[in-house]
Amino acid sequence: MNALRSFESAARLGSFNKAAEELYVTPSAVSHQIKSLEEYLGLKLFHREKRQVQITVAGEKYLVAVGHALDELDAATRRLISAPNTSSLTFEAPPAFLSRWLMPRIKDFQALYPDVELRLSTGSVNRIDFDHSDLDMAVYFGDPPDDDDIEVRLVHRSVVVPVCSPRKLEEHHIETLADLRKQTLIHVTSRRNEWQRLLQKAGISMTGEEKGLSFSSTQLALGAALEGLGIALSDKSLISRELQYGQLVVPVEAELLTGKAFYLVYPKDRQLTYGMRIFREWLLQVMGLPDQEEPASG
């Protein structure tokens, strides 16, 4: 391992001296480790010229595999140290899904599985990095992740509807989709075309003169709708409480299948712990989906 770390550091930094500084050893120790590795392999990994070293073609190829292997060992070690308890689960989800869908149901999960400790955090809507984090599982929003190293389970296909505050509906005459064009339309920046697609589905064209507000997240867009600032588009599953208590209403019956979806994702090469398995089974059961091993299709 010392020889491999010395090789990886020297190859990456292009210097035995810099590798020695990074590894807190002497340059001669780095040179000795790499020489031992070369003797073991029967190959030259570096060309040595006076005080300079240059990696060989064989060394460049070897660096890719060694770097990947060391990264995997480092990630596995951090996961083991940070979460040695197989009953715990470190989980990440987009803010709207976590706060609006999962949080209201956490009490039900805890009542069923009091021995599972959930460690929850918000993360990127559509980018999950298992290699450089302590995550066990995550919910991803968008198209199915195109990654052979990730297991994917469909959780929920996104279907959005217009929503606004009751006060907004009382103050303005809104009976048809065409009436919505006269209102302030609230957009999520990454999904600006949803309003246009919803109206076009009903044969209504946008003029380009509609008033609008744009926000960087669903959370902020829904907050603006709750404040009566305009009409937003939201997945019903994320606003079930607001609809139930009358904080938000659907002014016009219309819906758009966005083509995006929420997916449960986790590394294929990681054996499921008790906590991971229980959470996956519970999440898919609540969503009315089978807990099957086949990956989700797009």
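Helices (H or I, at least four residues) and strands (E, at least two) are taken here as DSSP runs, numbered from the N terminus. Just after helix α1, Gly14 takes a positive phi of about 70 degrees. This is a predicted model, in which local features need pLDDT of at least 70 and side-chain atom pairs count only at pLDDT 80 or more, while totals for chains, interfaces and linings use all residues. Residues are numbered from 1 along each chain as its sequence is written, and side-chain values use heavy atoms, with hydrogens and water left out.

**Helix α1**

- At 1.5 Å a residue, the 12 residues of α1 should span 16 Å (the expected span being 1.5 Å times one less than the number of residues), and the end C-alpha atoms of α1 are 16 Å apart, which agrees.
- The buried residues of α1 (buried meaning under 20% relative accessible area, with a 1.4 Å probe and protein chains only) are Ala3, Ser6, Phe7, Glu8, Ser9, Ala10 and Ala11.

- Phe16, Ala19 and Ala20 are the buried residues of α2, and they cover an arc of only 105 degrees around the axis, which puts them on the same side of α2 (the arc is that of the directions from the helix axis to the C-beta atoms).
- These buried residues of α2 pack against α1 (2–13), α3 (27–41), β1 and β2 (52–55), where contact means heavy atoms within 4.5 Å.
- Tyr24, which follows α2, has a positive phi, near 60 degrees.

**Aromatic pairs**

- The structure holds 12 aromatic pairs, for which rings of Phe, Tyr and Trp (its six-membered ring) must have their centres within 6.5 Å, with planes under 30 degrees apart counted as stacked, over 60 as edge-to-face and the rest as tilted.
- The ring centres of Phe16 and Phe46 are 5.3 Å apart and their planes stand at 90 degrees, so the pair is edge-to-face.
- This pair links distant parts of the chain, since Phe16 belongs to helix α2 (residues 16–23) and Phe46 to strand β1 (residues 46–49), 30 residues apart.
- Phe16 is buried, with a relative accessible area of 11%, and Phe46 is buried, with a value of 3%.
- Phe109 and Tyr113 have ring centres 5.3 Å apart and planes at 50 degrees, so the pair is tilted; both residues are buried.
- Ring pairs link Phe91, Phe97, Trp101, Phe109, Tyr113, Phe141, Phe262, Phe279 and Trp282 into a cluster.

How values were computed:
Buried < 20%, exposed > 50% of the residue type's maximum accessible area, 1.4 Å probe, protein only.
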